[in-house]
Amino acid sequence: MLFDTPAKENPIDRAREVGQPRPRIDGPLKVSGTARYAYEQRDVVENMAYGYPLGAAIAKGRVRAIDTAAAEAAPGVIGVLTTLDVPRHALGPMNTAMLFGGDRVEHYHQAIAVVVAESFEEARAATALLDVDYAPEPGCFDLERVAREIVGQPFCEDDALVGDFDDAFLAAPVQLDVTYRTPDQSHSMMEPHATLAAWEGDELTVWTSNQMIAWGVRDLAAALDLPRDKVRLVSPFIGGGFGGKLFVRSDVVAASLAARKVGRPVKLALPRPLIANNTTHRPATVQRLRFGATEDGKFTAFGHESTSGNLPDGGPETATQQSQFLYAAPNRLVGERLGVLDLPEGNAMRAPGEASGMMALEAAVDEMAEKLGLDPIEFRILNDTQVVPGKDTPFSQRHLADCLRLGADRFGWGERASLPARRREGRSWIGIGVAAAYRNNLLMKSGARARLQEGGGVEIETDMTDIGTGSYTIIAQTAAEMMGVPLARVTVRLGDSRYPVSAGSGGQFGGNSSTSGVYAACVALRTRIAERLGADPETAVFEEGEVRWGNSAVSLVEAASGGEIVAEDSITFKGLGEKYRQSTFGAHFVEVAVDAATAEIRVRRMLAVCSAGRILNPVTARSQVIGAMTMGVGSALMEELAVDKTRGFFANHDLAGYEVPVHADIPRQDVIFLDETDPISSPMKAKGVGELGLCGVAAAVANAVYNATGIRVRDFPITLDKLL
Ligand code: MOS
């Protein structure tokens, strides 16, 4: 199915299942411990062995030799595979860092050996006996140094240069020139990267934890030099990914190679202390924001420059992405610079780009409002735009101002003192902050297979994944709506490369794109069923378990009595993307209390108002947003990978040292979704919310802290030492 014109009215608009607050259908499996995650797989193979990885203890250089004798002689050990035993493997198109193979070390904790043993404990113990001879080389680990070196250099692509920024900025009666810093961050998903790899002849099956099944097959096949049809990847349940599992990581490659070497299935998980340096992270940024405005608060010059680092061949953190779209200004300078760092690979983490970009931008916007003596909400609305700044492209929908106004009303914005450090309760300073939320709405081709089973059940198969987001549930709701059956009659099978290729889970495109693929498959299935019954597929109505046309009605049970009916299709998006800018918008509100003596910051309440098209399921969507708001509190107040600039690694590489919010840190969170549909986005008329919920939160916290204390911290996270 080609989606190239705005969606007309269709069965989804009945909204009997889609849009209803259904609890997640995989919930019982998860809370009863019967959902099988990658490392819990066991009876799918026989004679399984355990692998344990060793990470490099240098950040850059060469492995000269690895003495494996002691490890090989250790109890229970079946075999040892080192990086020197196999060639440097091919990398997938979006990977930067070496996962396994060859003698080069490109970052700290790069996997350089795997010990395989009869038990996990024996494998782990023997790994400690490996003796590695390194030839280290100096590296560069200091973003500040890199940023100083490349200041003024040309931007990477994707820049927005409009009008004459320099002249307009200098001429502006009101100016702001500030630099914000965001730190390296770790995904810190609950489930570690883990894989069970098993060979049958030259065919490989991996049970792993991966967001993008088809990318995984592509990259693993390339790494091992196998045809893609010899690789099967299975990932039915994922305990969080946040972008850290968009690509296969070393667990997949090392387990597969080790399994081939020892001739047995090998299961391997990355130990928690290895994950931060072995896998990917959200890169730190240095962001300079320069705003010029008229006295009455209209932007005349808008500048946002971001610098980040990455391994050679890596990309920049696209922290200025939203700045091309969020506020109007006739003169614009927006772009990113990239330096080389020998830290681990920087790559996507939830709302890559906007998450860190909005931290800086929306705090700076607050600073500008204060300079102008304007209310932060009115200032944002004053500079709102219905077309892409510098172009005439309209947004498919843009209800930013509605989100801000509605949120202000519901949150009690009127209680906010317009001057900072004015509101005191007991020993706490109280402050309220706001930020706009913005995240692009991406669309991805997505396919599915739909089956009317004998007995009248509907089964959906697609390689879509559920990373905790609710994919199982919204896909079942979509199929139930399209086929006119209750939710309980739908079976959803996900996360297996044997199923049709889907959008996968990433970039907040998964929900809308994958359900649109299921929509397409169901349209095809309805056609097949109608044809079997001699009905007109265009006018046949599927409801209450029946197909109805003219004066006829046939139950699906009866329709399937001549054998199951199967149909497969995918949705491809084309054309509308050039005519309309598709984005999601929102507003975040935060109230904090800051202890006057200790500067401890407590978030007291939060509200997110989201404008993201049709909400496919308000329960799962709300969970996405409150999870994202929680992550935003972490960004604002806690999360930071501390760089050892001498030895080149993240020092706090476990969950003891890398702090994230827990329930006790989040007393009250509310989410409001604007009641809307966006026919430009897809037949589902939905958009993404999972990343929107994060974008802007940290700035809203920072703005609330400023409102409480009068202290502006431009160096995230805002830890209490920075307030004292
Ligand atoms: Mo998201 S960072 O694209 O999983």
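Student: What separates the centres of domain 1 and domain 2, taken over C-alpha atoms?

Tutor: The separation is 35 Å. Bear in mind that this is a predicted model.

Student: Which residues make up domain 1 and domain 2?

Tutor: The domain assignment gives 2–35 + 443–576 for domain 1. For domain 2 it gives 353–441 + 582–722.

Student: How many residues does the contact take from domain 1 and from domain 2?

Tutor: Domain 1 puts in 26 residues and domain 2 puts in 23 residues. A pair counts as a contact when the C-beta atoms, placed from the backbone, lie within 7 Å.

Student: Which helices each supply at least two residues of the side of domain 1 that touches domain 2?

Tutor: They are α12 (471–483) and α13. Of the side of domain 1 that touches domain 2, α13 gives the most, with five residues.

Student: How do the residues of that side of domain 1 divide into nonpolar, polar and charged?

Tutor: Twelve are nonpolar, twelve are polar and two are charged.

Student: Now the helix. How do you know that the span of α13 agrees with the number of its residues?

Tutor: Compare two values. Helix α13 covers residues 510–533, which is 24 residues. The expected span is 1.5 Å times one less than the number of residues. That gives 34 Å for α13. The end C-alpha atoms of α13 are 34 Å apart, so the two agree.

Student: What makes α13 largely enclosed by the rest of the structure?

Tutor: Count its buried residues. A residue is buried if 20 or more other C-beta atoms lie within 10 Å of its own. In α13, 18 of the 24 residues are buried, so the helix is largely enclosed.

Student: What follows α13?

Tutor: Gly534 does, and its phi is positive, near 75 degrees.

Student: How many bridges join β23 to β24?

Tutor: Four bridges join β23 (residues 546–549) to β24, and these strands run antiparallel. Arg548 has Ala553 as its bridge partner in β24. Glu546 stands opposite Ser555 in β24.

Student: Which residues take a positive phi in the hairpins?

Tutor: In the hairpin of β22 and β23, Glu544 takes a positive phi near 50 degrees. In the hairpin of β23 and β24, Gly550 takes a positive phi near 50 degrees. The β22 and β23 hairpin has two residues between the strands. The β23 and β24 hairpin also has two residues between the strands.

Student: Why is Asn441 called buried?

Tutor: The cut-off is 20 or more other C-beta atoms within 10 Å. Asn441 has 30, so it is buried.

Student: Where is Asn441, and what is it in contact with?

Tutor: Asn441 is in the loop between β18 (428–440) and β19 (446–452). Leaving aside neighbours within four places in sequence, its contacts include Gln582, Ser583 and Thr584. Ser681, Lys687 and Gly688 are also among them. Asn441 and Ala612 are 171 residues apart in sequence, but 8.7 Å apart in space, C-alpha to C-alpha.

Student: Why is Ala15 called partly exposed?

Tutor: Partly exposed falls between exposed, at 12 or fewer, and buried, at 20 or more. Ala15 has 14 other C-beta atoms within 10 Å, so it is partly exposed. Ala15 lies in the loop between β1 (2–3) and α1 (27–31). Its phi is positive, near 55 degrees, in a residue other than glycine.

Student: What makes Ala421 partly exposed?

Tutor: Ala421 has 17 other C-beta atoms within 10 Å, so it is partly exposed. Ala421 is found in the loop between α11 (400–411) and β17 (424–425). Ala421 has a positive phi of about 55 degrees, although it is not a glycine.

Key. Residues are numbered from 1 along each chain as its sequence is written. This is a predicted model: local features need pLDDT of at least 70, side-chain atom pairs count only at pLDDT 80 or more; totals for chains, interfaces and linings use all residues. Two strands pair if DSSP finds at least two bridges between them. Domain bounds come from an automatic or database domain assignment. Two residues are in contact if their C-beta atoms, placed from the backbone, lie within 7 Å. Ala, Val, Leu, Ile, Met, Phe, Trp, Tyr, Cys and Pro count as nonpolar, Asp, Glu, Lys and Arg as charged, and the others, Gly among them, as polar.
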